[in-house]
Amino acid sequence: MKLTKNFSLSEFACNDGSEFPIDVIENIKELAINLQILRDYIAMPITINSGYRSPAHNKKIGGVKNSQHLTGMAGDLKSDLPTNLLGEAIELLIESGKMKQGGIGVYKTFVHYDIRGSRARW
């Protein structure tokens, strides 16, 4: 299922093959809309390393119990931009009101972005 010009539902699938619960699909759609804004801004592809996570998969990989991934509201992202610049682009788009306020975590190999609606940074 195509969610935006460049993102499909399958890109947000749990890495353990679990089905999406019906109640997370709307969150994934909203996340994809925000990520499309980022993709258009940076003008390069974005890979979703981790989108929705089933409770079992989240536990297996050591995710936090209240992870935004459990509700389909988070994505761990990779692009050809260095992670610090990808994180800065998200911050700029949030500050300018183009992307939804949420969590940003910049790691060595990926950037976490979620649409929790409140500011969180790590």
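**Close-up views of a predicted model**

**View 1. The crossing of helices α1 and α3 is right-handed (the near helix is turned clockwise from the far one by less than a right angle).** The model is predicted, with local features needing pLDDT of at least 70 and side-chain atom pairs pLDDT 80 or more, whereas totals for chains, interfaces and linings use all residues. Residues are numbered from 1 along each chain, and side-chain values use heavy atoms, without hydrogens and water. The axes of α1 (residues 22-42) and α3 (residues 83-95) come within 10 Å and cross at roughly 115° (lines fitted to C-alpha atoms over the stretch in contact; angles from 0 to 180 degrees between N-to-C directions; helices are DSSP runs of H or I, at least four residues). α1 is therefore roughly perpendicular to α3 (65 to 115 degrees).

**View 2. Residues joining α1 and α3.** Ile37, Leu38, Tyr41 and Ile42 of α1 meet Leu86, Ala89, Ile90, Leu92 and Leu93 of α3 (contact: heavy atoms within 4.5 Å). This contact has 9 nonpolar, no polar and no charged residues (nonpolar: Ala, Val, Leu, Ile, Met, Phe, Trp, Tyr, Cys and Pro; charged: Asp, Glu, Lys and Arg; polar: the others).

Definitions and conventions:
Helix = DSSP H or I, 4+ residues; strand = E, 2+ residues; numbered from the N terminus. Parallel < 35°, antiparallel > 145°, perpendicular 65-115°, else oblique.
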